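Hello,

I am handing over the structure we talked about, with some notes on what turned up in it. Please look through the sequence and the model before reading on.

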Number of protein chains: 2
Amino acid sequence: MSSSNAVLIVGSVALDSVQTPSGVVERALGGAAVYSSVAASFFAPVRIVGVVGEDFPKEHLDFLSSRNIDTTGIQVIPGGKTFHWAGSYEGDMNQAQTHATELNVFQDFRPELPADYKSSIFVFLANIDPELQLKVLDQTPDAKLVAMDTMNFWITGKRDALLEVLKRVDVVFINDAEIRQLTRIVNLTRAAAKVHEMGPRYVIVKKGEHGAVMYCDDQMCFAAASYPLEEVADPTGAGDSFAGGFMGYVAKSGELTHDNLRKAVVYGSTLASFNVQDFSLNRFKRLTKAEIDNRYEEFKRIVFFEPLA
Amino acid sequence: MSSSNAVLIVGSVALDSVQTPSGVVERALGGAAVYSSVAASFFAPVRIVGVVGEDFPKEHLDFLSSRNIDTTGIQVIPGGKTFHWAGSYEGDMNQAQTHATELNVFQDFRPELPADYKSSIFVFLANIDPELQLKVLDQTPDAKLVAMDTMNFWITGKRDALLEVLKRVDVVFINDAEIRQLTRIVNLTRAAAKVHEMGPRYVIVKKGEHGAVMYCDDQMCFAAASYPLEEVADPTGAGDSFAGGFMGYVAKSGELTHDNLRKAVVYGSTLASFNVQDFSLNRFKRLTKAEIDNRYEEFKRIVFFEPLA
């Protein structure tokens with residue numbers, strides 16, 4: 001395994017119970033770090049950092065290892081219970097209803113990077129407490145591209161720490177509701193310019209069924225469509241898969257050009273579109289590189305209307 | 001004026017009072033037929049059909065004529081008052097608040113086409129009572145491409161007549177809320193397939209700031225981004241301008257290929273993006289062909305990530 005282009009991913013590892021119009025799963029593999037790591041692993045080796053309890057099935061760790069994901073950064077807490085989330089989706093499935101959040105071992109999560117992770121060049125801080133995201137940044141002095149995700153809970157509850165993280169990252173993934181909440185600006189173009197002022201060079205706004213938009217410096221530089229799916233089985237992990245696909249492709253391509261970042265956004269959309277077609281990590285488990293390449297080509301056809309002048 | 005490629009447009013001609021965070025206008029030129037006719041006129045000659053009262057300023061008719069729009073189809077009712085709408089927008093400006101709707105002469109509108117309009121090949125039925133849309137269809141036996149718009153009011157209030165119109169048109173413009181209301185299906189891809197079953201070969205879903213999506217037969221064939229504007233002065237007429245730009249380009253290009261329809265969607269988006277930058281028809285009044293071409297090119301750059309394989 002080449003490790004120079006490995007992606008370091010820090011975040012939640014979970015057992016999720018999810019109900020949608022398409023079905024139900026109980027305590028299935030989930031968590032932001034898991035979705036994003038598996039998505040990234042289609043392009044580059046991954047180093048995952050997280051915490052689980054003794055109840056976490058060994059088969060899940062084996063699955064991650066089988067995907068070229070280094071799991072030495074997953075702490076297993078003796079006698080502990082794994083983070084558990086239970087929720088459901090209905091209607092347009094854009095918003096989850098949370099039924100239960102049991103933090104368990106995740107409550108005391110303090111990300112400690114294994115020594116050989118600390119030289120990581122590509123770092124993704126999945127959606128966790130921004131104070132923990134800062135601790136990861138302190139341990140990764142060689143990072144060349146750092147991306148972060150966040151959520152409404154931290155925007156309102158830990159705004160100061162979140163602003164500190166924003167100062168230190170290159171890319172932020174954020175959805176349209178969150179960016180409006182963070183900036184208190186309704187217009188997305190002006191909201192993105194405001195976030196750019198807060199630190200990140202690249203602001204990527206995820207809009208679910210409406211695709212994603214990337215702002216480079218203070219300008220909108222790329223709009224990606226969403227892939228037209230007739231059925232979304234389970235939206236859980238869509239944003240994480242997007243971020244993982246993006247980071248994996250960036251790490252694989254190595255060069256941080258706008259061209260590569262645009263392609264990375266489309267690979268992110270591609271991975272997200274596959275992930276939601278089944279529950280948990282089930283679609284990724286049977287996903288092939290050929291399927292990814294075919295859908296990436298379809299993304300090209302969907303938006304094409306005339307060659308550049 | 002060549003008339004073989006003229007676009008026939010039937011709909012409202014209005015005097016609008018609009019308030020937005022950017023300002024206010026009182027009894028300014030408006031109406032679906034006006035916005036769509038002026039947008040179409042950048043590409044092809046237009047024949048407009050509508051009704052106004054004696055209070056309708058002659059300068060507005062002169063403006064339309066100056067744009068290569070045949071206004072002989074606009075009836076002026078002696079002693080009558082022009083349709084007046086008053087409304088405001090706030091927040092994300094996606095939804096107007098209506099303060100007043102005075103139908104006036106529009107209440108008794110019965111579209112009667114001038115004899116030389118009846119051979120029209122390109123027909124746009126702007127948002128009016130579907131029973132009136134049917135009367136227009138009866139008068140245009142040579143139509144090769146008929147497009148329609150509608151709204152929630154007719155979807156709930158005149159569903160049967162609306163379904164009759166849908167059977168007889170080639171293209172329907174509809175927004176995401178309306179298509180869900182019409183089909184009672186949340187998933188847009190399946191909703192569009194359902195509308196295709198109702199008649200139209202092309203279903204174009206307008207999503208405001210999220211762009212537009214075209215379904216050709218039962219498949220999503222094109223997704224267009226929206227142009228990133230830092231400020232929307234007045235969203236009134238955006239959908240009408242979109243439809244007008246689309247129809248104008250289709251009439252100009254003549255050939256109803258998927259390639260041309262995709263370009264027409266982008267020209268529609270282009271015209272809509274200009275229209276919302278000022279109140280009433282003000283932006284169109286100073287819009288140049290060079291500006292349209294430049295923004296069309298920007299639409300290409302915004303979505304480009306790699307050439308087709």
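This is a predicted model: local features need pLDDT of at least 70, side-chain atom pairs count only at pLDDT 80 or more; totals for chains, interfaces and linings use all residues.

H6 of chain A runs over residues 176–183, and its buried residues are Asp176(A), Glu178(A), Ile179(A), Leu182(A) and Thr183(A). These residues lie on the same side of H6(A), because the arc they cover around the axis is only 160 degrees. As background, residues three or four places apart in an α-helix point the same way, because there are 3.6 residues a turn.

Just after H6(A) comes Arg184(A), which has a positive phi of about 60 degrees.

Aromatic rings

Over all chains, the count of aromatic pairs is 28. One of them is formed by Phe222(A) and Phe305(B), whose ring centres are 6.0 Å apart; their planes stand at 75 degrees, so this pair is edge-to-face. The pair crosses between chains: Phe222(A) belongs to strand S13 (residues 219–224) of chain A, while Phe305(B) is in the segment after helix H11 (289–303) of chain B.

Phe305(B) also pairs with Tyr296(A), with ring centres 5.4 Å apart, and this pair is edge-to-face because the planes are at 75 degrees. It too joins two chains, since Tyr296(A) is in helix H11 (residues 289–303) of chain A and Phe305(B) is in the segment after H11 of chain B.

For Phe305(B) the relative accessibility is 6%, so it falls under the 20% cut-off for buried. Tyr296(A) counts as buried because its relative accessibility is 2%.

Ring pairs extend this into a cluster made up of Phe43(A), Phe222(A), Tyr249(A), Tyr267(A), Tyr296(A) and Phe305(B).

Arg295 of chain B

Which rings does Arg295(B) lie over? One is Tyr227(B), where Arg295(B) is over the face at 4.1 Å from the ring centre. Another is Phe274(B), with the charged end of Arg295(B) sitting over the ring, 3.7 Å from its centre.

Regards

Key:
Residues are numbered from 1 along each chain as its sequence is written. Chains are lettered from A and ligands numbered from 1 in the order in which they are written. Side-chain values use heavy atoms; hydrogens and water are left out. Buried means under 20% relative accessible area, exposed over 50%, partly exposed in between (1.4 Å probe, protein chains only). Helices (H or I, at least four residues) and strands (E, at least two) are DSSP runs, numbered from the N terminus. The arc is that of the directions from the helix axis to the C-beta atoms. Rings of Phe, Tyr and Trp (its six-membered ring) pair if their centres lie within 6.5 Å; planes under 30 degrees apart count as stacked, over 60 as edge-to-face and the rest as tilted. A charge sits over a ring if NZ of Lys or CZ of Arg is within 6 Å of the ring centre and within 35 degrees of the ring normal.
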